[in-house]
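This report describes the architecture of a single protein chain, its helix packing and a few selected residues. The sequence and the model are shown first.

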Amino acid sequence: MADFAEQADPKTLAEPHRAGFRQATRVHGSFLAAAEKRALVWIAERMPAWVKSDHLTILGFAAQIATGVCYALAAVDQRMLLAAIVCLAVNWLGDSLDGTLARVRQQQRPRYGFYVDHMIDSIGAVAMMGGLALSGYMHPVIAIGLLIGFLLLSIQAYLATYTMGEFHLSFWRFGPTELRILLAIGNLAVLRWARVFHGHYQLFDVGGAIALACMVATLIVITVKNTARLYREERLG
């Protein structure tokens with residue numbers, strides 16, 4: 001009855017909630033997942049003892065914010081696109097290594113880590129897409145569309161984690177690492193070819209439109225698939 005009480009004592013509820021918490025199964029089937037995991041474990045095993053998972057989380061978050069700032073500054077200096085690639089690399093290190101370090105050291109905090117990590121990812125995505133919208137290399141409407149697509153896919157992933165106990169880190173063999181690599185390649189391509197198709201369209205606009213279409217298709221397919229699965233598992237009669 002405590003779960004339905006309007007004035008339940010948080011201290012009273014905390015212990016049952018911890019006891020009833022089950023960590024979701026991580027499903028990661030991207031192209032680089034296996035190689036990335038080996039590399040991260042190798043780095044984590046050699047990380048100095050004074051470096052904690054929280055330090056890496058903060059590093060990754062700061063680097064993602066810095067990526068957005070670099071994109072915004074690229075409006076006046078193209079070389080900031082190269083700085084954005086460096087920030088993406090640092091973001092990968094912090095964002096990918098924090099959880100691996102905790103697992104290697106047997107210092108996992110699954111509820112805290114899941115909540116903080118993904119709140120930070122959402123805020124960082126707003127900063128990065130905002131920077132792209134201000135860069136002049138991507139139309140603001142496409143940047144906003146990509147942000148909305150990312151947030152909707154994130155919501156879908158979190159709902160699936162809660163309802164099915166599976167947290168998918170990738171869709172159709174593409175995960176965060178592959179997306180960072182594609183973005184870095186795009187930065188280099190923009191330095192060489194700002195526009196494509198006879199100079200009528202900006203490269204990031206074309207790439208962003210394709211990515212947005214893929215996001216919408218993924219969201220539809222995954223939502224229908226998960227809805228059908230949950231319907232079968234909770235069929236009435």
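A residue is called buried when its relative accessible area is under 20%, exposed when over 50%, and partly exposed in between, with a 1.4 Å probe and protein chains only. By that criterion, 34% of the 237 residues of the chain are buried. The model is predicted, so local features need pLDDT of at least 70 and side-chain atom pairs count only at pLDDT 80 or more, while totals for chains, interfaces and linings use all residues. Residues are numbered from 1 along each chain as its sequence is written, and side-chain values use heavy atoms, with hydrogens and water left out.

**Overall architecture**

Helices (H or I, at least four residues) and strands (E, at least two) are DSSP runs numbered from the N terminus. The chain holds 8 helices and 4 strands, arranged along the sequence as α-β-α-α-α-α-α-β-α-β-β-α. Contact denotes heavy atoms within 4.5 Å. Among contacts between residues at least 6 apart in sequence, 77% link residues at least 24 apart.

**Helices H6 and H8**

The expected span of a helix is 1.5 Å times one less than its number of residues. For H8 (residues 203-233), with 31 residues, this gives 45 Å, and the end C-alpha atoms are 45 Å apart, which agrees. H6 has 25 residues and reaches 35 Å from its first C-alpha to its last, close to the expected 36 Å. Just after H6, glycine 165 adopts a positive phi of about 75°.

The buried residues of H8 are Phe204, Asp205, Gly208, Thr218, Ile222 and Asn226. Their packing partners are helices H3 (53-73), H5 (110-135), H6 (140-164) and H7 (176-192), together with strand S4 (201-202).

**The crossing of H2 and H4**

Helix H2 (residues 33-45) packs against helix H4 (residues 80-104) at an angle of about 70°, with the axes 9 Å apart. Axes are lines fitted to C-alpha atoms, for helices over the stretch in contact, and angles run from 0 to 180 degrees between N-to-C directions. H2 is therefore roughly perpendicular to H4, a class that covers 65 to 115 degrees. On the H2 side the contact is made by Glu36, Leu40, Val41, Ile43, Ala44 and Glu45, and on the H4 side by Trp92, Leu93, Ser96, Leu97, Thr100, Leu101 and Val104. These residues divide into 9 nonpolar, 2 polar and 2 charged. Here Ala, Val, Leu, Ile, Met, Phe, Trp, Tyr, Cys and Pro count as nonpolar, Asp, Glu, Lys and Arg as charged, and the others, Gly among them, as polar.

**Selected residues**

| Residue | Relative accessible area | Class |
|---|---|---|
| Valine 190 | 1% | buried |
| Threonine 67 | 0% | buried |
| Glutamine 106 | 65% | exposed |

Valine 190 is situated in helix H7. Beyond its neighbours within four places in sequence, valine 190 contacts Gln78, Leu81, Tyr137, Leu203 and Phe204. Valine 190 and leucine 81 are separated by 109 residues in sequence, yet their C-alpha atoms are 8.5 Å apart.

Threonine 67 belongs to helix H3. With its neighbours within four places again left aside, threonine 67 touches Ala84, Cys87, Leu88 and Met128.

Glutamine 106 sits in the loop between H4 and H5. Its phi is near 55°, a positive value in a residue other than glycine. Most residues other than glycine have a negative phi.

How values were computed. Parallel < 35°, antiparallel > 145°, perpendicular 65-115°, else oblique.
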